[in-house]
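Colleague: Take me through the salt bridges, please. I want a close look at each pair and at the parts of the chain around it.

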Amino acid sequence: MGPAAGLAALLAVLALRAGDVAGVATRGDTFSALTSVARALAPERQLLGLLRYLRGEEARLRDLTRFYDKVVSLHEDSATPVSNPLLAFALIKRLQSDWKNVVHSLEASENIRALKDGYEKVEQDLPAFEDLEGAARALMRLQDVYMLNVKGLARGVFQRVTGSAVTDLYSPRRLFSLTGDDCFQVGKVAYDMGDYYHAIPWLEEAVSLFRGSYGEWKTEDEASLEDALDHLAFAYFQAGNVSCALSLSREFLLYSPDNKRMARNVLKYEKLLAESASQAVAETVIQRPNIPHLQTRDTYEGLCQTLGSQPTHYQIPSLYCSYETSSSPYLLLQPIRKEVIHLEPYVVLYHDFVTDAEAQKIRGLAEPWLQRSVVASGEKQLPVEYRISKSAWLKDTVDPMLVTLDHRIAALTGLDVQPPYAEYLQVVNYGIGGHYEPHFDHATSPSSPLYRMKSGNRVATFMIYLSSVEAGGATAFIYGNFSVPVVKNAALFWWNLHRSGEGDGDTLHAGCPVLVGDKWVANKWIHEYGQEFRRPCSSSPED
């Protein structure tokens, strides 16, 4: 059997194995849960296997060998950390763009034909362009919320820059730098949306990196220095900075002097500058685009930037820690460690509510059923950009451990958590930069789908942290002006409604973007009906 025939046989085996993988994420949704991003490592390892013949053809395929070496180095560690958003973005970009460019740029030969055949067999399992866009938007989200420096991100460091102050938010064990093409792709996603606030710094970094490696063409790259200059020049023009647009357009013509469109742009920019020479023109300040529904953006992002650390908040005398039994025989011999986080709204953290084994089992039960998370929109439920995660619902009949979990929640809260008085356990895995912007857990409209259970509104939330994260991911209470960091195996509890049944406006909260890490939570939402004698109405309408 010749090398090509052997490689073809290997491809057939790999294709069969790829077809047997259960729970493959829907294309276009890979970016929305870290477990789906991690699963994308498998097809890339298969693609790497298709290139192993390169060692014997190094002279002829030196550039392809460089690409092979670069990618295989990321797979040397069996637990490649897709929890780093830069690595996660680069993985999706390689699978959606780089590998395609490599495969289709090679000259035809027996080995290359086998490579193309193998690529086509796994292509349907690779991330879609929507995943690349989602991953790019995630990097921009992290850039905004945590005030990250784009140059630092491109070097693989997570630094907040405010004026002259530089703060390290996270120090990765291994630095992973982005390429000029990586930065171009992030900038182009913003550019295509007309978002020049984000496009300009990413395209500037792309231009800088392309300048430094000019003449070193890489097969996997989709863009070039000329592409980056072209897009950056027009972005500056759209942002009102004609001078920068002219300078970049002239530089473009140094590399591509026959480009008539760019030559016309240069004449246009020169004319505009000449016409405005006699006028005092203030430099245009590019405003960051704001989402209309997010009226509390500054408070939300400020709370996220604390990463859940507010030392002065915990100096309040009325807040305390204790061992909680809730007068339940179930907890008498094994009380739960209780930490009162806030009084209005009343928010409590129960430490070590689940064990490592229980948390792992819940994640394992949910993973095959994860689907893109949705939010209520009128009478419908839709996926939205302001909630990036995947979720699954687990009935307590799935495993006896879930029944035990329900008993523990009921004993601790004193509430009836059996359907229809509570919803099934919702397990959530957040994606790259995964977040959930400020929202209420209880229904704020009579037409909300929550009322279909015919058990009233959500009176309380019991949220269990099933994993730890390296940075970010805190739960921020906007009007309460505090945030709670992710504490593995702990559970956060709060009342959504006053005793009168009215919604508590102070429970507006958010899941801050995960900066680095793989965040899993489980939500148990408890409804009004069935709790009449467990949480009775008060004589005071304010309670």
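Modeller: A salt bridge here is a side-chain nitrogen of Lys or Arg within 4 Å of a carboxyl oxygen of Asp or Glu. Buried means under 20% relative accessible area, and exposed means over 50%. Arg 141 has 10%, so it counts as buried. Glu 385 has 35%, so it is partly exposed.

Keep in mind that this is a predicted model. Over the whole structure, the search gives 24 salt bridges. The chain has 543 residues, of which 54% count as buried. Its secondary structure comes to 17 helices and 19 strands. Take the contacts between residues at least 6 apart in sequence: 73% of them join residues at least 24 apart.

Next, Glu 367 and Arg 39. Their side chains form a salt bridge of 3.3 Å, N to O. This pair also links distant parts of the chain, 328 residues apart: Glu 367 is in the loop between helix 16 and strand 6 (371–372), while Arg 39 is in helix 2. Glu 367 has 28% relative accessibility and counts as partly exposed.

Now look at helix 16 itself, residues 356–366. Glu 358, Ala 359, Ile 362, Arg 363, Leu 365 and Ala 366 are buried there. Looking down the helix axis, these buried residues fall within an arc of 165°, so they line one face of helix 16.

Lys 338 belongs to strand 4 (residues 336–342) and Glu 324 to strand 3 (residues 321–324), 14 residues apart. Both Lys 338 and Glu 324 are buried.

Then there is a network. Salt bridges link Lys 93, Asp 98, Asp 181 and Asp 182. Lys 93 lies in helix 5 (residues 85–105). With a relative accessible area of 1%, Lys 93 is buried. Leaving aside neighbours within four places in sequence, Lys 93 contacts Asp 98, Leu 132, Asp 181, Asp 182 and Gln 185. Its side chain makes a polar contact of 3.1 Å with that of Asp 182. Lys 93 and Leu 132 are 39 residues apart in sequence, yet their C-alpha atoms are 5.9 Å apart.

Asp 29 is in the loop between helix 1 (3–19) and helix 2 (34–39). Asp 29 is buried, at 17% relative accessible area. Residues up to four places away aside, Asp 29 touches Asp 131, Arg 372 and Lys 390.

Definitions and conventions: Residues are numbered from 1 along each chain as its sequence is written. This is a predicted model: local features need pLDDT of at least 70, side-chain atom pairs count only at pLDDT 80 or more; totals for chains, interfaces and linings use all residues. Side-chain values use heavy atoms; hydrogens and water are left out. Buried means under 20% relative accessible area, exposed over 50%, partly exposed in between (1.4 Å probe, protein chains only). Helices (H or I, at least four residues) and strands (E, at least two) are DSSP runs, numbered from the N terminus. The arc is that of the directions from the helix axis to the C-beta atoms. Contact means heavy atoms within 4.5 Å. A polar contact is a pair of N or O atoms within 3.5 Å; within protein, one must be able to donate a hydrogen and the other to accept it, and residues adjacent in sequence count only if both atoms are side-chain atoms.
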